[in-house]
Amino acid sequence: MSEAETGKIQTPAAAHSYLHLSNSSMGVHPYIKFLPAASAKAKSATSNANQPGTWNVADLCKAYGWPTNAPGTGVIAIVELGGGWLQSDVDAFFKGAGLPAPSITDISVDATKNSPGVNSDSDGEVALDIQVAATAYAVATGKAATIRMYWSSDIAAGVRAATADGCDVCSISWGADEAKWGKAAADNMEQTAIAATAAGMVVFAAAGDNDSSDGGPNASNVDVPASCPHVIGCGGTHKTPTVETVWNNDPGNASGSGTGGGFSKLFTPMPLWQSGAPHGRGRMVPDVAGNADPETGYNVIIAGTKTPVGGTSAVAPLYAGLFAALGNKLGWIGETLWDNHLAFNDITQGDNGKFRARAGPDACTGLGSPIGTKLLALMQAHGPARSVQLGLENAQLREALAKSA
């Protein structure tokens, strides 16, 4: 039975993790690419010193103007299709950061479960997701994050389980271009996201690491789940302490190593709430962005070793941790974000192959990178009641459009 018939995305055959600088022409399996100084051959000899230009996660949060008095209490769901995490890594990371370590619960949705040591690439993804999300939350609140890990061979099933458990945010660092999903599976993912946001859960997903091609058949493809209208797509930047540009390590190349972004061919027309976006056939990806280039990457601990990594998979948990700190049951926030461009740093330099950055929203970094204190004020005004109302209104609209199609 095909993916379109089942609505199920299998790994490694169809979805991959965005933890890395992907060099895979197929882009269909989870793996990590380290900086040259921390290559697989040299990892065991890597010192615990930071690589030049990379970020301690807490310092990156501070550079993005994180609040320190956010209300907290939001529960973070992280969907994983493979790999595993080690308590020793979590303990070492948060002790070194001087932050409270998260409380982590594993939930097996199907036969998939926490399995560290089986696949080092996937293990790296899981370590990144946990350490970034929990740090983003702890810096904003001073409290330990509550994380629920949903292990599943099906992304949508993991999101449904998190919705049923009442989680407040969900981070997804796995995906594939729309052509690999097909319309039926992508629609199933979108319906899952509609139900999640209507229940009050915000869903974030990585936009991909293969520039505007997203590893697909031509120069312009976008990634599912990030292209689903009720998912907040997370793109990537290259951030130093003084400048932030579009992440693309091979400028002008549509299938190089850099942030995914473009216009959906499956979700059309462009949603009206994407105010200020350049004209395109369908929903524009990404919505937001954050540091993702491994050259300016995140210092995390993987299997006991401090390792700098990047990828748009770091951006989804960065936002998930922040928004779990900003309130409960915020749900559908897309329209609110797009109505408030000034809550983001506009990224105006660089390209992702097919598309170039510009003043205002673009198909490289969306609205831009976060300004934490402004997003706190915005979400306090947004509130859970308005979120649920917007979620229901959007669900009703999509149902009506589907019936009239």
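1. Of the 405 residues in the chain, 61% are buried. The model is a predicted one. Its secondary structure amounts to ten helices and 17 strands. Where contacts link residues at least 6 apart in sequence, 78% of them join residues at least 24 apart.

2. The largest nonpolar core holds 79 residues. Within this core, I76, F204, F323 and L337 have the most contacts. Helix α4, residues 120-141, contributes the most to the core, namely twelve residues. As general background, nonpolar side chains in soluble globular proteins tend to be buried together.

3. L337 can be followed in detail. Leaving aside residues up to four places away in sequence, L337 touches I232, V288, F323, F344, L367, L375, L378 and M379. F323, one of these partners, is itself listed with L337 among the core residues that have the most contacts.

4. Another core, of 32 residues, lies apart from the 79-residue one. Its members include I155, C170, A193 and V231. I155 belongs to helix α5 and is among the residues through which α5 meets α7.

5. How is α5 placed against α7? Helix α5 (residues 155-164) packs on helix α7 (residues 183-198) at an angle of about 10°, and the two axes are 10 Å apart. Angles under 35 degrees count as roughly parallel, so α5 is roughly parallel to α7.

6. On the α5 side, the contact is formed by I155, A156, V159, R160 and T163. On the α7 side, the residues are N188, M189, T192, A195 and A196. By type, the contact comprises six nonpolar, three polar and one charged residue. An α-helix has 3.6 residues a turn, so residues three or four places apart point the same way.

7. Is α5 mostly covered or mostly open? It is mostly covered, with seven of its ten residues buried. The buried residues are I155, A156, A157, G158, V159, A161 and A162.

8. The packing around α5 involves both strands and helices. Its buried residues lie against strands β2 (75-80), β4 (146-151), β5 (169-172) and β6 (174-177), as well as helices α6 (178-181) and α7.

9. Both ends of α5 have a local feature to record. At the start of the helix, a side-chain oxygen of D154 comes to within 3.1 Å of the backbone nitrogen of A156. Just after the helix, G166 adopts a positive phi of about 80°.

Notes:
Residues numbered from 1 in each chain as written. Predicted model: local features only at pLDDT ≥ 70, side-chain atom pairs only at ≥ 80, totals over all residues. Heavy atoms only, no water. Axes fitted to C-alpha atoms, helices over the stretch in contact; angles between N-to-C directions. Helix = DSSP H or I, 4+ residues; strand = E, 2+ residues; numbered from the N terminus. Parallel < 35°, antiparallel > 145°, perpendicular 65-115°, else oblique. Contact = heavy atoms within 4.5 Å. Nonpolar A, V, L, I, M, F, W, Y, C, P; charged D, E, K, R; others polar. Core = buried A, V, L, I, M, F, W, Y, C linked by side-chain atoms within 4.5 Å. Buried < 20%, exposed > 50% of the residue type's maximum accessible area, 1.4 Å probe, protein only. Polar contact = N/O pair within 3.5 Å; in protein donor to acceptor, adjacent residues only side chain to side chain.
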